[in-house]
Amino acid sequence: MKEEKVFKDPVHKYIYVDDKVIWDLINTKEFQRLRRVRQLGTSFLTFHGAEHSRFSHSLGVYEVTRKIISQFERNGYEDWPQEERLVCLCAALLHDIGHGPFSHSVERVFGTHHEAWTCRMLLEDTEVHAVLAQVSPHFPQAVASVISKTYPREVVVALVSSQLDADRMDYLLRDAYFTGVNYGTFDLERILRVIRPYQGHIVVKESGMHAVEDYLMSRYQMHWQVYFHPVTRSAEVILNKIFERAHDLYEEGYMFGFMLSPMDKLFCKKLTVADYFLLDESFMQTVLMCWTKEQDEILADLCTRFLHRRLYKFITIDLPDNADFQILRDTLEESGFDPAYYFEVDFPADLSYDIYRPGQTEKLPILLLNEGNGLTEISEKSEIVRSISGLHMGKCHIYYPEEILERIGEDRRRQLREWFGI
């Protein structure tokens with residue numbers, strides 16, 4: 001490449017590209033598609049600034065990885081294999097290329113997984129594959145194996161996917177910036193100075209432990225204050241119910257008034273990579289808008305609620321016996337609402353909270369390197385890390401349509417007040 005390319009970025013200020021492979025990958029249609037997929041799913045209905053895309057996040061992950069590798073090379077660390085630079089940068093850039101629209105809701109209902117689609121996009125007949133194959137015939141598989149965490153060198157996988165990786169470091173800072181909160185801020189520059197390769201691992205100098213504590217605390221706060229915000233969860237609940245209802249109708253042989261391909265292939269799990277490429281949030285919101293006119297009243301109502309932000313109300317309660325919920329289910333049925341689509345109990349234990357729990361997750365732990373060159377897992381040294389490593393338990397959210405209160409008698413309202421405080 002004749003000259004270095006530079007992107008202006010609100011988080012990292014500048015993103016530098018001086019490899020032609022990286023530049024060519026950015027300009028593939030599969031990577032450009034990420035401009036049409038939001039990074040934070042339904043969070044834009046809670047935090048109005050959260051409109052940033054997986055495109056900008058992926059560039060940010062690439063930039064953090066580039067900075068880390070540059071620091072390794074400047075310091076001449078023997079444990080960093082310099083020949084792995086390009087495969088690591090490509091994996092960082094492409095790690096999210098398989099994300100779909102509102103990806104976690106789609107994945108949950110239809111049994112898809114973004115990492116599997118990422119690998120398919122790298123290995124099948126795509127523009128991304130063609131660019132990677134120009135490096136060598138085996139290069140697409142090498143990049144895919146970093147994504148799938150089967151690559152033989154841990155230091156390469158760890159930079160892209162571990163408990164202290166470029167992915168998390170970028171999305172915490174980026175999500176905090178665009179949601180307007182301070183919870184996700186931490187000293188990235190300090191972490192970049194104390195991180196290093198050692199004996200096949202990515203480790204942190206023990207003197208940098210406090211910067212990592214700050215990072216883990218930011219992660220903890222962002223998950224409970226932003227990612228699991230109850231209003232965002234309400235929007236996700238409705239979105240899940242939309243896909244569940246549409247899938248149930250499809251299984252029953254319902255004749256949709258509107259079925260835009262490849263939505264039908266998503267239902268029957270026959271998507272090709274070319275089909276999956278068409279699934280972005282512009283496509284999905286068009287589908288939802290058309291479904292507001294469907295003959296099925298439940299599907300039409302759920303889509304209307306989501307698009308016009310008429311979200312379910314929620315109450316926060318201590319975890320009750322399952323029998324307690326029957327009162328709400330009965331109330332919904334009496335009010336004309338099917339509990340299968342208008343009722344949800346959100347338990348913290350059921351949420352995919354990416355808490356730091358060493359030894360209890362496939363993610364590589366955070367190791368501290370002391371002055372004697374010994375390695376210690378961080379929670380053995382840090383009281384702060386130990387204190388936030390327990391799962392946040394004890395409360396749950398119940399979601400329901402507010403209109404039920406307008407459709408029930410005083411006796412039933414009294415029951416709901418006594419049981420749930422509604």
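**Entry 1: the sheet**

Before I start, a reminder to myself: two strands pair if DSSP finds at least two bridges between them. I am working with a predicted model.

Which order do the strands of the open sheet have? I read it off as β3-β4-β7-β8, four strands with mixed pairing. Next I looked at the edges, where I found β3 (195–198) and β8 (375–377). Each has a single partner strand, so one side of each is left without a neighbour in the sheet. I also noted the twist, which averages 45° from one strand to the next.

**Entry 2: a strand pair and a helix across the sheet**

I picked out β4 (residues 201–205) and β7 (residues 367–369) and found that they pair in the parallel sense, over three bridges. Which residue of β7 is the bridge partner of K205? I traced it to L369.

Then I turned to helix α3 (residues 54–75), which lies across β3 and β4. Its direction is at about 60° to β3.

**Entry 3: two packed helices**

Two packed helices are described by the angle between their axes and the distance between the axes. For α4 (residues 85–94) and α8 (residues 139–147) I noted an angle of about 60° and axes 9 Å apart. The two helices are therefore oblique to each other, and α4 passes α8 in a right-handed crossing.

Which residues make the contact? From α4 I listed L86, V87, C90, A91 and L94, and from α8 F139, A142, V143, V146 and I147. Sorting the contact by class, I got ten nonpolar residues, no polar ones and no charged ones.

Definitions and conventions: Residues numbered from 1 in each chain as written. Predicted model: local features only at pLDDT ≥ 70, side-chain atom pairs only at ≥ 80, totals over all residues. Heavy atoms only, no water. Axes fitted to C-alpha atoms, helices over the stretch in contact; angles between N-to-C directions. Contact = heavy atoms within 4.5 Å. Parallel < 35°, antiparallel > 145°, perpendicular 65-115°, else oblique. Left-handed = near helix turned anticlockwise from the far one by under 90°. Nonpolar A, V, L, I, M, F, W, Y, C, P; charged D, E, K, R; others polar.
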